[in-house]
Amino acid sequence: MTSTALPTTDELRARARGGLQNIGVDVAEGNDFHARTPITGESLLGLTAATDAATEEAIAAARTAFLTWRTTPAPRRGELVRRLGELLREHKSDLADLVTIEAGKIRSEALGEIQEMIDICDFAVGLSRQLYGRTIASERPGHRLAETWHPLGVVGVISAFNFPAAVWSWNTAIALVCGDTVVWKPSELTPLISLACDHLLARAAEEVGAPRDVHRLVLGDRAIGEKLVDDPRVALVSATGSTRMGREVGPRVAARFGRSLLELGGNNAAIVAPSADLDLAIQGIVFAAAGTAGQRCTTLRRLIVHRDIAGTFIERLTAAYHKLPIGNPFDDTTLVGPLISTTALDAMRGALSRVQAQGGKILAGGNRRLTEAAPSAAYTEPVLVRVDEQTDVVREETFAPILYVLTYDTLDEAIALHNDVPQGLSSSIFTRDQQEAEIFLSAAGSDCGIANVNIGTSGAEIGGAFGGEKDTGGGRESGSDAWKAYMRAATNTINYSSELALAQGVSFL
Ligand code: NAD
């Protein structure tokens with residue numbers, strides 16, 4: 001199914017300008033690069049990128065602001081984030097418009113992305129009164145051992161196009177309450193939503209009396225990101241994107257003994273056991289695999305179905321795929337918007353040719369849509385591909401809506417297939433058998449950072465820490481105790497006796 005006619009680029013440009021104006025952003029237009037929309041695949045506005053000197057100045061300014069911010073009481077730092085959360089609530093609709101225009105997300109997912117930002121602000125405000133250390137029993141009389149947490153410094157945030165605003169807020173809301181300052185290099189594909197977020201944070205800072213330079217935005221391509229990666233004043237580089245990017249960034253930051261938090265590609269799988277509630281499984285799987293046009297790091301890319309139910313299950317899934325409404329992401333009936341670019345579509349087609357050459361059979365989808373209405377855009381039907389084994393292409397992340405379907409006979413076999421990929425982000429099992437569910441969640445089960453039962457692989461809440469193992473990079477962001485990555489711990493020994501007792505009974509003098 002194709003949903004209603006697409007808006008024109010002129011209409012989208014006017015809507016983007018209107019949204020930016022409502023938010024209060026004054027865009028400095030230029031010729032360095034273009035804001036584009038995947039809805040038509042065309043350019044919206046020309047923009048100015050940060051120069052090397054401007055990036056240098058932004059890092060220096062954030063470092064200077066850090067010197068005041070680190071000693072501002074954490075609950076007062078929380079007031080800045082509370083105000084940011086209020087402004088995000090106020091401008092939710094305009095911000096969601098920008099996400100749809102630049103990233104192509106359907107309206108409900110774009111609104112969800114902004115809601116996620118509001119949620120993390122609420123979480124961070126609470127956290128600003130809970131940056132707890134511990135008191136540890138000392139082995140020496142008249143001594144106290146304590147662990148205290150201190151701000152780290154400037155955090156360089158490098159983000160990807162597919163969560164152009166939420167990933168920034170996960171990092172920034174937490175970093176700010178932790179006493180850090182932030183320099184943000186967003187994806188070059190989503191500059192307008194970045195300008196809007198930066199503007200709202202600057203406004204919040206002004207209103208609560210925080211230093212303006214607690215946050216700086218630097219627009220541009222990866223070369224600007226590399227400046228953050230190599231600069232010793234950037235204490236933590238939090239980088240979200242492809243595994244290729246992480247492989248370049250991780251060793252460079254480590255070479256200068258900086259810290260990195262890497263949130264990279266996934267190749268997420270779900271197991272469907274014979275006892276599964278199949279209605280629930282179909283719903284969960286279609287959302288996880290085709291939602292966001294397959295462009296979430298947590299998108300479901302591999303389905304491992306028990307052989308006894310595979311026939312019926314695949315038939316139902318194929319029928320659901322045939323009914324997916326594809327097209328204008330502003331239309332409420334659309335479930336699948338565009339891919340980010342025709343380059344992404346080429347990569348998808350390349351993967352499909354390779355998997356077919358390796359024996360894969362396309363069960364549903366794969367045709368390009370709306371080529372006449374928008375020749376420069378990349379609309380495609382999500383694809384289901386039956387494969388007998390996990391060939392090299394199945395073991396890679398192709399950032400597009402391709403779901404590879406495999407079958408299994410025993411749970412051990414399913415878990416082995418599940419874990420036999422380089423990535424380790426998200427995973428799930430659909431089962432009503434408690435023993436199977438617990439095995440999947442156990443140390444011998446899924447090897448991913450996220451493991452779910454009776455729900456798909458995507459759509460995490462902010463309360464839990466988010467991140468993945470292996471080639472996904474090992475970072476933990478957002479909720480739980482992920483805040484510890486944004487602070488440094490100090491162990492304190494306080495002697496309140498009049499004796500100098502040495503540890504381990506050592507005597508000296
Ligand atoms: P990308 O790797 O092309 O770019 C991500 C960001 O890194 C951009 O801002 C880019 O300019 C910058 N960059 C690229 N190379 C760099 C380098 N050498 N040094 C410094 N900066 C560099 O990714 P993308 O296409 O924007 O996003 C899709 C990818 O991101 C997918 O692989 C997806 O799985 C992943 N992703 C992961 C998570 C997660 O939390 N694990 C979340 C969202 C997206």
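The domain bounds used here come from an automatic or database domain assignment. Domain 1 (10–264 + 474–490) and domain 2 (268–455) both contribute residues to the shell around the ligand, so the ligand lies between them. The structure is a predicted model, in which local features need pLDDT of at least 70 and side-chain atom pairs count only at pLDDT 80 or more, while totals for chains, interfaces and linings use all residues. Residues are numbered from 1 along each chain as its sequence is written.

Around the ligand there are 31 residues, of which Ala 160, Gly 225, Gly 241, Glu 263 and Cys 297 come nearest; a residue is near a molecule if its C-beta atom, placed from the backbone, lies within 6 Å of it. Helices (H or I, at least four residues) and strands (E, at least two) are DSSP runs, numbered from the N terminus.

Elsewhere in the chain, helix H3 (residues 74–90) and helix H5 (residues 107–127) have axes that come within 9 Å and cross at roughly 160 degrees, which makes H3 roughly antiparallel to H5. Axes are lines fitted to C-alpha atoms, for helices over the stretch in contact, and angles run from 0 to 180 degrees between N-to-C directions; those under 35 degrees count as roughly parallel, over 145 as roughly antiparallel, 65 to 115 as roughly perpendicular and the rest as oblique.

A second pair consists of helix H10 (residues 278–290) and helix H11 (residues 307–322), whose axes come within 11 Å and cross at roughly 45 degrees, and therefore H10 is oblique to H11.
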